[in-house]
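Please keep the sequence and the model in view while reading.

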Amino acid sequence: MSEDITGVSSDVAEWQREKVQGFWMPNRKLLNSIRDYQKHASGSGIIANLLKRVAVLRHRFWSVITGADIPLNGQLGGGLSIPHPNGIVIHPLSVIGVNCLIHQQVTIGIKRGDAGAPVVGGHVDIGAGAKVIGNIRIGEHALIGANAVVTKDVPAFAIVAGIPAKVIGSTQKLSNEH
């Protein structure tokens, strides 16, 4: 198991981060509708089909409320945190690791001619307005700065920022200073 200075795992999902704790939590209810759909999509029978359809309706509702475009069949690791989901767009082929934090207006998608979509490692924090584009890999515990445009692989524990994004530091250095 790998941890950085925050003590958050990049391997084991912290499901508490997604738990709905109140009536008006659109971010968590959107994730909950996705989890329910994925759970019932593999089932068979009338009840599973009905619950899957209810999850689709909930997903559509919370997608409109939040303004997020997160696919029902997306590969989202557990413990995903989207505190302000407005404007988040995730391509259906993208893979998001466990315990990631994605801020508002983030796009995770493909570029024309690419054969694949981004793979985001565990416990990656993506700042507001960042764009992660192309067939690339983001290493575990990486930090992507606000409005960064990431089009190349990012190593584990790296801090990247800018347009195009460049490595400007390491979260491992931060842990050695504390």
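**Glutamate 18 and its surroundings**

A polar atom of the side chain of glutamate 18 lies 3.0 Å from the backbone nitrogen of glycine 79. A polar contact is a pair of N or O atoms within 3.5 Å; within protein, one must be able to donate a hydrogen and the other to accept it, and residues adjacent in sequence count only if both atoms are side-chain atoms. The model is predicted: local features need pLDDT of at least 70, side-chain atom pairs count only at pLDDT 80 or more, and totals for chains, interfaces and linings use all residues. Residues are numbered from 1 along each chain as its sequence is written, and side-chain values use heavy atoms, with hydrogens and water left out.

Glutamate 18 is found in the segment before helix 1; helices (H or I, at least four residues) and strands (E, at least two) are DSSP runs numbered from the N terminus. With a relative accessible area of 7%, glutamate 18 is buried, where buried means under 20% relative accessible area, exposed over 50%, and partly exposed in between (1.4 Å probe, protein chains only). Apart from neighbours within four places in sequence, glutamate 18 is in contact (heavy atoms within 4.5 Å) with Arg28, Leu31, Arg35, Gly77, Gly78, Gly79 and Leu80.

Two salt bridges are present in the structure, each defined as a side-chain nitrogen of Lys or Arg within 4 Å of a carboxyl oxygen of Asp or Glu. One joins the side chains of arginine 35 and glutamate 18 (2.6 Å, N to O). Because arginine 35 lies in helix 1 and glutamate 18 in the segment before helix 1, this pair ties together parts that are 17 residues apart in sequence. Another joins arginine 58 and aspartate 36 through their side chains (2.9 Å, N to O). That pair links distant parts of the chain, with arginine 58 in helix 2 and aspartate 36 in helix 1, 22 residues apart. Arginine 58 is partly exposed at a relative accessible area of 26%, whereas aspartate 36 is buried at 19%.

Helix 1 itself comprises 16 residues (residues 26-41); at 1.5 Å a residue it should span 22 Å, and its end C-alpha atoms are 22 Å apart, which agrees. The expected span is 1.5 Å times one less than the number of residues. The buried residues of helix 1 pack against helix 2 (46-66) and strand 1 (75-76); among them are Leu30, Leu31 and Ile34.
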